[in-house]
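User: I'd like to go through the labels on this model and see what each one rests on. Can we start with the salt bridges?

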Amino acid sequence: MKLYDKLIGETAELLAPATPSVYAYDPGSCWADNGKSELVMMRDAAFELGGNNLPSVNFTMVTTTEGIVDKDEVCVYGPDLPQIHGPVSFARIVMLEVEDLGETEDEEKAYNAIRDLEFVRYHVYPTGYMVRVSSESNQEQVRLSKQAISSGINFAKVGNDYISKYKALDSVKHAKIIFVVDSPVVEQLQPYAKKVDDITKTLTHILDGMATDCSHCDMKAICDEVEGMKELHLGKKKS
């Protein structure tokens, strides 16, 4: 799957001028996961990421190209959680290297893999780290509890929690979790998130058996623009 490769490169290029703090994945250093959505009341909150109408965004990009995502790591652009004291702009980006999903040969395998990756996206629940995601706008806001801050939560530990959930899937080889905090880059990432969302929806519809009359398809623009999408669609049609 190379449908997201161009966007992975463009995202890396946008982030390149800044130097992140990088943390290798440590499965023994995951922040405790609550197992379900946790309500953090405002009176118990230390601050919010992406709150107060500040820009926020999240998106996930997948590749089968070796070397693009070559290790499991957490990258933090901007201040870490212990250094934040009020609302800030916020982005969380996930880059995954997965095994060859065989999209045109085993559609059910590819469909199930995409579904599992999307499931993880919405089912990580770090304790004291309340996530609110809008799938329509690709926004992600996080409310941090005072207890979590005093207990030593940081992005490396939260990122490790995300990576551990992705690594539990057989298809995932490597996972990179990127946090961008208090930066104008967050707003610049929003069009990238929209494009990623369009690609994912188009891919899901193709694998789910959407109509193959391209002249009447609302997603024709994505198939025309994204390298490999039209070939996948035509492969589905031939099968």
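Analyst: A salt bridge here is a side-chain nitrogen of Lys or Arg within 4 Å of a carboxyl oxygen of Asp or Glu. Keep in mind that this is a predicted model. By that rule, D33, D161 and K165 are linked in a network of salt bridges.

User: What makes D161 and K165 a salt bridge?

Analyst: Their closest N and O atoms are 3.1 Å apart, and the cut-off is within 4 Å, so the pair qualifies. Both residues sit in helix α4, four residues apart, about one turn of the helix.

User: Why is D161 called buried, and why is K165 called partly exposed?

Analyst: Buried means under 20% relative accessible area. D161 has 3%, so it counts as buried. K165 has 27%; partly exposed covers the range between buried and exposed, which is over 50%, so that is the label K165 gets.

User: Why do R143 and E48 count as buried?

Analyst: R143 comes in at 11% relative accessibility, so it counts as buried. E48 is at 11% too and is therefore buried. Strand β2 (residues 45-49) is mostly covered, with four of its five residues buried.

User: How do you know that β2 and β7 are paired?

Analyst: Pairing takes at least two bridges, and four join β2 to β7, which run antiparallel. They belong to an open sheet of three strands in the order β2-β7-β6.

User: What makes β2 and β6 edge strands?

Analyst: Each has a single partner strand, so one side of each is left without a neighbour in the sheet. Helix α4 (residues 155-167) packs on this sheet, touching β2, β6 and β7.

User: What makes E140 and R92 a salt bridge?

Analyst: Their closest N and O atoms are 2.8 Å apart, against a limit of 4 Å. The pair links E140 in strand β7 to R92 in strand β5, 48 residues apart. Both E140 and R92 are buried.

User: Why is R121 called buried?

Analyst: R121 has 9% relative accessibility, so it counts as buried. R121 lies in helix α2, and its contacts include R92 and Y166.

Notes. Residues are numbered from 1 along each chain as its sequence is written. This is a predicted model: local features need pLDDT of at least 70, side-chain atom pairs count only at pLDDT 80 or more; totals for chains, interfaces and linings use all residues. Side-chain values use heavy atoms; hydrogens and water are left out. Buried means under 20% relative accessible area, exposed over 50%, partly exposed in between (1.4 Å probe, protein chains only). Helices (H or I, at least four residues) and strands (E, at least two) are DSSP runs, numbered from the N terminus. Contact means heavy atoms within 4.5 Å. Axes are lines fitted to C-alpha atoms, for helices over the stretch in contact, and angles run from 0 to 180 degrees between N-to-C directions. Lists of a residue's contacts leave out its neighbours within four places in sequence.
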